[in-house]
Amino acid sequence: MSIKGKAYIAGIFEHPTRHAPDKSTAQLHAEVAKGALEDAGLTKADIDGYFCAGDAPGGVMAMADYLGLRVRHFDSTDTGGCSYLVHLGHAAEAIAAGKCSIALISLAGKPRTGAMPPRASGAEVDFEAAYGATTHNVYGMCAMRHMHEFGTTSEQLAWIKVAASHHAQYNPHAMLKDVVTVEDVLNSPMISDPLHRMDCCVVTDGGGALIVTTEAIARSLKKPLVRMIGHGEALKGPRGGKDLNLTYSAGVWSGPRAFEEAGVTPKDIKYASIYDSFTITVLMQLEDLGFCKKGEGGKFVADGNLISGVGKLPFNTDGGGLCSNHPVNRGGMTKIIEAVRQLRGQAHPKVQVPNCDLAIAHGTGGLLGVRHAASTCILERV
Amino acid sequence: MDSAVKYPTPQENPETTHFWQKTVDGKLLIKRCLACGEPHYFPRSICPFCFSDKTVWEESSGEGEIYAFSLMRKSASGPYAIGYVTLKEGPSLLTNFVDCDMAKLKVGQKVKVVFKTTDGAPLPFFTPV
């Protein structure tokens with residue numbers, strides 16, 4: 001069974017806040033759920049499936065109770081920042097199988113207001129925790145190794161931030177709206193070699209939500225029709241220290257699965273939402289998904305190739321995690337939302353891709369190159 | 001990191017106690033599977049490659065080379081260099097590079113294991129040869 005064409009994204013909502021000290025996390029979940037329902041033209045009573053991840057206070061049971069949901073299908077898969085891209089795939093599966101007909105996916109939290117609780121540890125904890133692995137230095141190692149093997153440069157990585165900043169200038173909600181140059185990125189303080197501060201995403205409070213439904217219900221609503229035509233997911237780890245390779249992600253497996261199901265290739269994609277926790281995250285994933293050959297990501301992203309209206313592959317036209325929003329340190333949700341805006345023709349006119357009828361939303365969660373997940377969603381305007 | 005840094009105490013469990021008993025003697029152990037011959041790290045009782053339970057402890061040379069590293073410029077305990085080392089025996093492991101000029105680290109550089117004390121068993125780190 002395939003999910004191709006079986007599930008439609010009927011409602012989207014990105015919380016406009018980037019700093020919410022005056023709200024609770026559960027409240028933010030409710031606000032984004034309400035926003036997505038209003039966008040779809042549905043009510044809470046219509047929801048019969050619910051998907052949330054580790055950011056939902058108390059997990060799926062407590063969150064569903066807080067929201068007052070009565071659902072017949074739920075899923076609390078947590079794969080870090082790409083959880084919501086996984087949820088979208090799983091919601092499509094559930095809808096295709098008839099397990100639910102109107103699914104809510106929500107994300108919310110407040111890392112800008114206060115520190116997030118530590119990640120749960122696996123069996124590796126005593127053999128790794130002492131060494132202070134953080135997102136910055138693990139992604140820094142990925143960049144270091146990529147530079148070592150392929151000659152990738154800091155200038156090339158900087159182009160990814162430059163492209164995001166060109167898009168963010170048009171997003172009134174973006175946390176960083178200033179257009180920056182390659183020199184600006186290179187002159188920003190070194191955080192963890194070779195990543196500079198401007199190679200890193202923003203830290204924001206907020207969240208987002210999606211409503212996923214059947215074709216029949218989507219056609220009864222008023223929004224432009226956007227549907228899932230392919231999904232792939234994968235996990236990757238160092239596997240006993242034998243498979244350690246920091247130059248590629250699980251996207252090398254999730255991507256081909258999604259493209260095969262959709263029956264399209266990277267060349268067909270008009271717009272790409274690519275998880276951008278760091279500039280290196282984007283570069284590696286573009287290679288892994290087949291937008292260019294492994295090792296050629298540096299050349300691919302340089303000279304504005306990711307800028308809408310300028311380059312060949314417009315990406316993260318909301319400004320992405322690098323400039324606009326990275327709610328709860330989890331960027332998967334906003335990747336889907338901007339892809340849907342593009343397919344609806346509702347992105348900002350300055351960044352809207354003309355006749356955008358095929359988009360990809362892709363992300364990784366966990367620590368790229370180490371233990372992580374990847375999820376690829378291919379979306380089509382009907 | 002220097003000797004003033006307080007490292008967390010490993011929490012031993014039945015699967016890993018032997019490993020930590022040996023770090024007291026300055027030995028770095030890996031596991032090898034007798035069925036498929038593959039070494040692995042960190043230690044599991046069942047081989048992550050062929051799923052055989054015929055895994056045995058083996059002393060590593062403690063020598064290897066830097067696969068990748070990153071110098072974290074700021075932290076509560078000061079700058080530190082995290083990295084992956086690929087051991088001579090094959091497996092790669094996460095570590096910090098200590099007792100060295102962190103600005104001079106290079107991918108491919110030869111390193112060897114050193115142990116740092118904790119309130120419990122000593123922890124393995126690496127330093128340039």
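Which residue follows helix 3 of chain A, and what is its phi?

Reply: That's A:Gly98, and its phi is positive, near 80°. Bear in mind that this is a predicted model, where local features need pLDDT of at least 70 and side-chain atom pairs count only at pLDDT 80 or more, while totals for chains, interfaces and linings use all residues. As for labels, residues are numbered from 1 along each chain as its sequence is written, and chains are lettered from A and ligands numbered from 1 in the order in which they are written.

Now the helix itself. Helix 3 of chain A covers residues 83–96 (helices are DSSP runs of H or I with at least four residues, strands are E runs of at least two, and both are numbered from the N terminus). With 14 residues, helix 3 should span 20 Å at 1.5 Å a residue, and its end C-alpha atoms are 20 Å apart, so the two agree (the expected span is 1.5 Å times one less than the number of residues). Helix 3 of chain A is also largely enclosed by the rest of the structure, because 12 of its 14 residues are buried. Buried needs 20 or more other C-beta atoms within 10 Å of a residue's own, exposed means 12 or fewer, and partly exposed is in between, with C-beta atoms placed from the backbone. Among the buried residues of helix 3 are A:Ser83, A:Tyr84, A:His87, A:His90 and A:Ile95.

Most residues other than glycine have a negative phi, and most peptide bonds are trans. A:Val328 is not a glycine, yet its phi is positive, near 65°. You'll find A:Val328 in the loop between helix 12 (320–324) and helix 13 (332–344) of chain A, and its 26 C-beta neighbours inside 10 Å are why it counts as buried. In chain B, B:Phe51 has a positive phi of about 70° and is not a glycine either. B:Phe51, however, counts as exposed because it has 10 C-beta neighbours inside 10 Å.

B:Phe51 sits in the loop between strand 2 and strand 3 of chain B. The loop between strand 2 (39–40) and strand 3 (55–59) also holds B:Phe42, and the peptide bond from B:Tyr41 to B:Phe42 is cis, with omega near -5°. Chain A has a cis peptide bond as well, joining A:Asp193 and A:Pro194 with omega about 0°. A:Pro194 is in the loop between strand 5 (190–192) and strand 6 (195–196) of chain A.

Finally, the two chains touch. Their contact takes 27 residues from chain A and 32 residues from chain B (two residues are in contact if their C-beta atoms, placed from the backbone, lie within 7 Å). On chain B's side, strand 4 (63–72), strand 5 (80–87) and strand 6 (92–97) are the elements that give two or more residues. Strand 4 of chain B supplies the largest share of that side, six residues.
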